[in-house]
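Please look over the sequence and the structure shown below, and then read on.

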Amino acid sequence: YPWQRQRYWFAPPARAERAQGRIAASGGSAFALRRVSWPGQQGTAFETQLSPEWSSVVGDHRVSGTPILPGTSYLALALAGHAAANGHAAELIEQAEYLEPMAFEDEGERTLQVQLVTDETGTGYKVFSSGSDGEWKLHAAGRLAASADQAAESGALDIAGLQARCATFIGADELYTALAARGLEYGPLFR
């Protein structure tokens, strides 16, 4: 009807634009880390903000409908923090421990903090988050190797042995259907 006015403008893709801006500002890292003070501690701390609203890494990774930060993101935070603190990339992830999943149950923004302590044997890291309640939770901890020599000492991975143990082929559609039946939802970013 002529008297029913309705707008047909497309909403701007805020999530994608915001994410692209943060990645560009961080020099290519998915996490725009900023150094923060860490009173009374020996080491370095970095923070960033994360929300499923603008981050496909979280929005496309759901468990039973709840956005969850993927495990590889904890490692990416530790490696990005190490590179920012030391001016070079870590050679090896020696240890990674996942203590509690980072769930975005209210779909709100969370502050992530990675704390790094470096000594002669490597760099220890811890990843924390804080939501609207202001309480910090420890989600992951681990250790990064200090040098290529330490990485070489850890030994080579037996790729042929792994392939022999994983001889059954499962197609992508079959895999994602089986995962969805278990409550694990992977969006386009993870396919």
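What does the accessible surface of the chain come to, and what percentage of that surface belongs to carbon and sulfur atoms? The accessible surface amounts to about 12200 Å², and carbon and sulfur atoms account for 53% of that area. These values, like those that follow, were computed on a predicted model.

**The chain as a whole**

The chain has 191 residues, of which 33% count as buried, and its secondary structure consists of six helices and nine strands. When contacts between residues at least 6 apart in sequence are considered, 62% of them join residues that are at least 24 apart.

**Accessibility of selected residues**

The table below gathers the relative accessible areas of residues that are taken up in the text.

| Residue | Relative accessible area | Class |
|---|---|---|
| Tyrosine 74 | 4% | buried |
| Glutamine 95 | 42% | partly exposed |
| Tyrosine 98 | 45% | partly exposed |
| Threonine 111 | 17% | buried |
| Threonine 123 | 1% | buried |
| Isoleucine 159 | 46% | partly exposed |

**An aromatic pair and strand S5**

The count of aromatic pairs in the model comes to two. Tyrosine 74 belongs to helix H3 (residues 71-86) and tyrosine 98 to strand S5 (residues 93-98), so the pair ties together parts that are 24 residues apart in sequence. Tyrosine 74 counts as buried because its relative accessibility of 4% lies under the 20% that marks the buried class, whereas tyrosine 98, at 45%, is partly exposed.

Strand S5 also holds glutamine 95, a residue that is partly exposed, with a relative accessible area of 42%. Leaving out residues up to four places away in sequence, glutamine 95 touches Tyr125, Ala141, Gly142 and Arg143. The C-alpha atom of glutamine 95 is separated by 7.0 Å from that of leucine 144, although the two residues are 49 residues apart along the chain.

Which side chain makes a polar contact with the side chain of threonine 111? The partner is glutamine 49, whose side chain meets that of threonine 111 at 3.1 Å. Threonine 111 lies in strand S6 (residues 110-119) and, at 17% relative accessibility, counts as buried. Apart from its neighbours within four places in sequence, threonine 111 is in contact with Glu47, Thr48, Gln49, Phe128, Ser129, Ser130 and Trp136.

Threonine 123, found in strand S7 (residues 122-130), is likewise buried, with a relative accessible area of 1%. Its side chain makes a polar contact of 2.9 Å with the side chain of threonine 118. Beyond residues up to four places away in sequence, threonine 123 touches several others, among them His82, Asn86, Leu116 and Val117, and also Gly142, Arg143 and Leu144.

**A nonpolar patch**

Which residues make the nonpolar surface patch of about 280 Å²? The patch is made by Leu157, Ile159 and Leu162. Isoleucine 159 lies in helix H5, which covers residues 159-165, and this isoleucine is partly exposed, with a relative accessible area of 46%. Because a patch takes in residues with over 30% relative accessible area, the 46% of isoleucine 159 is above that cut-off.

Key:
Residues numbered from 1 in each chain as written. Predicted model: local features only at pLDDT ≥ 70, side-chain atom pairs only at ≥ 80, totals over all residues. Heavy atoms only, no water. Patch = residues over 30% accessible without salt bridge, like charges linked within 9 Å, V, L, I, M, F, W, Y side chains within 5 Å. Areas by Shrake-Rupley, 256 points an atom, 1.4 Å probe, with all protein chains shown as cover. Salt bridge = Lys/Arg side-chain N within 4 Å of Asp/Glu carboxyl O. Helix = DSSP H or I, 4+ residues; strand = E, 2+ residues; numbered from the N terminus. Buried < 20%, exposed > 50% of the residue type's maximum accessible area, 1.4 Å probe, protein only. Contact = heavy atoms within 4.5 Å. Phe/Tyr/Trp six-rings, centres within 6.5 Å; stacked < 30°, edge-to-face > 60°. Polar contact = N/O pair within 3.5 Å; in protein donor to acceptor, adjacent residues only side chain to side chain.
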